[in-house]
Amino acid sequence: MADVRLSMAEYMELIDSIKRANDIRNEVVSDVKAVGRTAGKAKKKVSAYNRKYKKAFKKVSGKYRSKSGKWMKNGFKRAVKEAHKVAKK
């Protein structure tokens, strides 16, 4: 390993440059976070059909679940089909 010797002035200058670099990095990180918060994606509007389907699915799903709350065999698939049927009406 190489033997490195620094004077006290050189050492203090090195420490100062590291602090400046950290300050710059922190500023950049905070700027990026601020931009990320303000430039979020706009939420899509939920369609009328989707709202009807959601309500129908919640109403119907109880039939296709066991007492413990697990889905019965092919229960989810049947619940989806029935919810679509109810939502179409």
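This briefing covers the helix packing, salt bridges, nonpolar surface and one backbone feature of the structure above. The model is predicted, with local features requiring pLDDT of at least 70 and side-chain atom pairs counting only at pLDDT 80 or more, whereas totals for chains, interfaces and linings use all residues. Residues are numbered from 1 along each chain as its sequence is written, and side-chain values use heavy atoms, with hydrogens and water left out.

**Helix packing**

- Helix α2 spans residues 48-61 and helix α3 residues 75-88; their axes come within 8 Å and cross at roughly 130°.
- Helix α2 is therefore oblique to α3 (angles under 35 degrees count as roughly parallel, over 145 as roughly antiparallel, 65 to 115 as roughly perpendicular and the rest as oblique).
- The crossing of α2 and α3 is right-handed.
- Helices here are DSSP runs of H or I with at least four residues, numbered from the N terminus; axes are lines fitted to C-alpha atoms over the stretch in contact, and angles run from 0 to 180 degrees between N-to-C directions.

**Salt bridges**

- The structure holds 2 salt bridges, a salt bridge being a side-chain nitrogen of Lys or Arg within 4 Å of a carboxyl oxygen of Asp or Glu.
- Glu-82 pairs with Lys-63, the closest N and O atoms being 2.9 Å apart.
- Glu-82 belongs to helix α3 and Lys-63 to the loop between α2 and α3, so this pair ties together parts that are 19 residues apart in sequence.
- Lys-63 is exposed, at a relative accessible area of 54% (buried means under 20%, exposed over 50%, partly exposed in between, with a 1.4 Å probe and protein chains only).
- Asp-3 forms a salt bridge with Arg-5, with 3.3 Å between the closest N and O atoms; Asp-3 and Arg-5 are both exposed.

**Nonpolar surface**

- Val-4, Leu-6, Met-8, Tyr-11, Met-12, Leu-14 and Ile-18 make a nonpolar surface patch of about 710 Å².
- Such a patch joins nonpolar side chains (Val, Leu, Ile, Met, Phe, Trp, Tyr) within 5 Å, from residues with over 30% relative accessible area and no salt bridge; accessible areas come from the Shrake-Rupley method with a 1.4 Å probe.
- Leu-6 lies in the segment before α1 (8-38) and counts as partly exposed because its relative accessibility is 48%.

**Backbone at Asn-74**

- Asn-74 has a phi near 60°, a positive value in a residue other than glycine.
- Most residues other than glycine have a negative phi.
- Asn-74 is found in the loop between α2 and α3 and is partly exposed, at 49% relative accessibility.

Technical notes:
Patch = residues over 30% accessible without salt bridge, like charges linked within 9 Å, V, L, I, M, F, W, Y side chains within 5 Å. Helix = DSSP H or I, 4+ residues; strand = E, 2+ residues; numbered from the N terminus. Left-handed = near helix turned anticlockwise from the far one by under 90°.
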